[in-house]
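Here is a short note to read beside the model. Keep the structure open and find each residue as it comes up.

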Amino acid sequence: MKISVVGTGYVGLVTGTCFAETGNDVTCVDIDANKVQKLSNGQITIYEPGLEKLFERNLKQGRLHFTTNLEEGIADAQVIFLALPTPPGEDGSADLSYILKVADHLGKIMTDYKVIVDKSTVPVGTAEKVREVIAKNCKTPFDVVSNPEFLREGVAVDDFMKPDRVVIGTDSEEARKIMGELYGPYVRQGNPILYMDEKSAELTKYAANSFLATKITFMNEIAILCEKLGADVDMVRRGMGSDDRIGKRFLFPGIGYGGSCFPKDVQALAKSSQEADYDFRILNAVMDVNEAQKLFLIPKVTAYFNDVKGKHFALWGLAFKPNTDDIREAPALYMIDALTNAGATVSVFDPEAMPNVKSVIGDKVKYAENQYDCLENADALVIATEWSVFRTPDFEKIKSLLKQPAIFDGRNLFEVSRMQELGFHYESVGRTPAK
Ligand code: NAD
């Protein structure tokens, strides 16, 4: 099938590459000329495990093309995916201007039947808006389908190639047939393609993300309570997670959720609710708690040093989660701000995200060559992202490099008892500190 993907970011590039992998002919369109040039030259623009190999293979075999020209990019396509940004607008609702602008342009240039697919996360009613905007100028028949994307950065290729489910919102028989054919190879193991009306499809994505953000936030509050009551959140988590109705996943407390999706999607669902005359109270609480949680470690650090002014900190982990270079809404950035505003200096290390951080905050921090260089002359180590490479470090080396053996761990990487044995002052989330 000939496919076009408009927007070649995290979702668009994975979608385009993975559709090419099953033999489709894919053209990715982006307004960022620099990005398109790099991709056309075989240079991948994001870090996503497993993607580069697929990208190189499909580019080489001529099934993957890149262009900045929308008209050229969609000319032969039967299906056009919109993988465009939907950032929060000023009032918290999803900004649909990227989508509607492209929709307007599509209406002017489409000359035969095409299926336009909203893959971006968009509020209920967006497919209808896209349809109206295209129809203003379009002379040929077309369908608009809602097909929200559930991939997770860090495991995006696996998620796309073997999705838990594919959600397709449409009432058009023709579009349903085409979408079913396109996704067939990805659900061979029997995971479902769930066909539904477009509004339900649009809401499913927000409901899923908001539920997951709530689950994390609930555990973060349980962790706070554990500290106050002298319980251990690891024990509580295991005790809870053994119940099938709760499940073991997504129960790890930490320093708040970040990324490009949860924060904006929870906010957008709360806003949609408000517009529908319903106050979604849980979501408001989730946002409040998460805002505070990003700075959970700061009072601990401040209490330990009395005053952080003039202190130097090593920070391990910048990406909002491991296995990605994405730093959007990353808790680490909030901590850097809090520490530097209080007069401290910070050295950072992250296996993939340092170039992105540098492009946003420049020389506000020192960028280390590796995780140990980062520790030189530091008064304490602060951990913000649970990269695997941080899990079994050389503790003796850490001790010898830090001015004092103090670790503030926002991701509960180490056993408290072990840190006690090793002689660290170790504080984490929801567990009794080792002193
Ligand atoms: P992104 O910012 O990484 O990529 C968006 C791309 O669109 C950029 O490359 C940008 O240059 C391009 N673009 C902007 N305007 C354009 C235009 N007029 N024409 C062509 N290209 C244009 O965003 P993303 O993370 O891929 O997210 C895209 C959508 O998918 C969002 O709605 C997001 O909520 C949703 N989503 C994201 C994830 C994720 O993990 N990142 C997962 C599921 C869903």
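1. The model is predicted. Keep that in mind throughout.

2. Start with the record. The unreviewed UniProt entry marks Asp30, Lys35, Thr86, Thr121, Glu153, Lys264 and Arg328 as "binding site". These positions span 299 residues in sequence, and the farthest two C-alpha atoms are 24.4 Å apart, so they do not all gather at one spot.

3. Now find Thr86. This residue sits in the loop between strand E4 (79-82) and helix H5 (97-109). Is Thr86 buried or exposed? Thr86 has 24 C-beta neighbours inside 10 Å; the cut-off for buried is 20 or more, so Thr86 counts as buried. Beyond its neighbours within four places in sequence, Thr86 contacts Ala94, Asp95, Leu96, Ile99, Ser120, Thr121 and Val122. One of these contacts, Thr121, is also on the UniProt "binding site" list.

4. Turn to Arg328. It lies in the loop between strand E9 (312-316) and helix H14 (331-341). Arg328 has 19 C-beta neighbours inside 10 Å, so it counts as partly exposed. Leaving out residues up to four places away in sequence, Arg328 touches Gly259, Ser260 and Phe320.

5. Last, the ligand. Which residues come nearest? Of the 26 residues around the ligand, they are Gly7, Gly9, Val11, Ser120 and Thr121. Helix H1 (10-21) and helix H5 are the elements that give two or more residues to this shell. By type, the shell divides into 12 nonpolar, 8 polar and 6 charged residues.

Note on methods: Residues numbered from 1 in each chain as written. Predicted model: local features only at pLDDT ≥ 70, side-chain atom pairs only at ≥ 80, totals over all residues. UniProt positions renumbered as here; feature names shortened; annotations may be inferred. Helix = DSSP H or I, 4+ residues; strand = E, 2+ residues; numbered from the N terminus. Buried ≥ 20, exposed ≤ 12 C-beta atoms within 10 Å, placed from the backbone. Contact = placed C-beta atoms within 7 Å. Near = placed C-beta within 6 Å. Nonpolar A, V, L, I, M, F, W, Y, C, P; charged D, E, K, R; others polar.
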